Amino acid sequence: MSARHTQDASAADKPAPTIIRPYGDMTGDGMVQTSFTLPIPHDKRAEGAALQLASKMGLSPALLVHAKAIGSGHTFFVVYGSVTHLVDLAQVTVIERDFPLLSAKEVNSTVKKTLHRPLVVVGACIGTDAHTVGIDAILNIKGFAGEKGLEYYSEINVVNLGAQVLVPELVEQAREHHADAVLVSQVVTQRDAHIHNTTQMSAAFREAYPAGEVPLLIVGGPRFEEGSAGALGVDRIFGKGTTPGEVASYLVHALSGPDRQTPAPKRKARKGTRQRTT
């Protein structure tokens with residue numbers, strides 16, 4: 001065996017480190033870059049304030065690499081520097097996907113076998129959120145990331161309500177179409193609007209439906225924290241990068257479980273119905 005192969009084998013046998021530091025110019029140098037905005041006009045004093053903040057954040061030495069005025073009273077900064085903080089990988093908690101990914105054919109087959117009817121999904125952007133790109137990526141047939149949306153599935157009936165849907169209207173439409181699941185996208189997050197809208201929606205559905213008959217409540221958006229579904233009163237949270245196939249797989253996993261009640265609707269929703277556009 002050559003010396004090179006011996007070195008490679010030895011490296012492969014070494015256990016992966018559990019304590020790590022950020023990497024910038026050299027391994028373990030602790031270099032990080034961060035950005036923020038301060039509510040002061042751009043001048044030398046503002047730059048000094050940015051460096052003071054960076055120092056208090058643990059960057060030492062801190063380098064100001066970018067500063068730009070935002071309007072007349074705010075300044076945006078980018079700072080670069082080294083931190084002494086360490087990351088313990090042994091203490092990192094990861095929420096793993098707890099359901100199998102299925103193909104469209106497998107999803108349709110499972111729905112047929114378990115529900116004996118099409119699965120009904122009602123989707124919307126609620127509150128003042130007018131950003132339909134997220135909900136459309138999951139529901140529309142063109143889909144996202146090379147995957148067809150839920151409208152493509154022969155055993156899923158989709159009702160896309162569009163943007164800026166009020167919570168009472170969402171509840172009414174879910175009841176009218178006998179929804180098995182309600183999908184809500186929240187992109188607008190200023191002042192935690194996504195949190196307020198989600199908790200309001202959850203409360204409204206639990207008030208409008210008898211216990212045990214609430215549809216699956218699913219929300220998605222870039223600012224939701226993993227593991228916060230219970231606190232928000234929903235069944236599942238999906239973050240950025242979620243594909244239609246993941247959502248479809250979760251739907252059949254959740255709705256085909258032994259503890260889930262899925263009574264047949266009195267009236268079927270029309271395939272691919274769009275109730276409202278903005």
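I counted the secondary structure, and the chain has eight helices and 11 strands, where helices (H or I, at least four residues) and strands (E, at least two) are DSSP runs numbered from the N terminus. I note that this is a predicted model, in which local features need pLDDT of at least 70 and side-chain atom pairs count only at pLDDT 80 or more, while totals for chains, interfaces and linings use all residues. Residues are numbered from 1 along each chain as its sequence is written, and side-chain values use heavy atoms, with hydrogens and water left out.

I then looked up burial: buried residues make up 38% of the 278 residues in the chain, with buried meaning under 20% relative accessible area, exposed over 50% and partly exposed in between (1.4 Å probe, protein chains only).

Next I turned to helix packing, with axes taken as lines fitted to C-alpha atoms, for helices over the stretch in contact, and angles running from 0 to 180 degrees between N-to-C directions. Helix α5 (residues 167-176) and helix α6 (residues 193-208) have axes 10 Å apart and pack at an angle of about 45°. That makes α5 oblique to α6, since angles under 35 degrees count as roughly parallel, over 145 as roughly antiparallel, 65 to 115 as roughly perpendicular and the rest as oblique. On the α5 side I find Val167, Leu170, Val171, Ala174 and Arg175 in the contact, and on the α6 side Gln200, Met201, Ala204, Phe205 and Ala208, contact meaning heavy atoms within 4.5 Å.

For the second pair, I read that the axes of helix α3 (residues 104-115) and helix α8 (residues 244-255) cross at roughly 20° and come within 10 Å. That makes α3 roughly parallel to α8. Here Val107, Thr110, Val111 and Leu115 of α3 meet Ala248, Ser249, Val252 and Leu255 of α8.

Last, I checked the backbone, bearing in mind that most residues other than glycine have a negative phi, and most peptide bonds are trans. Serine 60 and proline 61 are joined by a cis peptide bond with omega about -5°, and proline 61 is found in the loop between α2 (44-56) and β3 (62-70). Alanine 145, in the loop between α4 (133-139) and β7 (156-160), has a positive phi near 55° and is exposed, with a relative accessible area of 58%. Histidine 178 also has a positive phi, near 55°; this residue lies in the loop between α5 and β8 (181-185) and counts as partly exposed at 28% relative accessibility.
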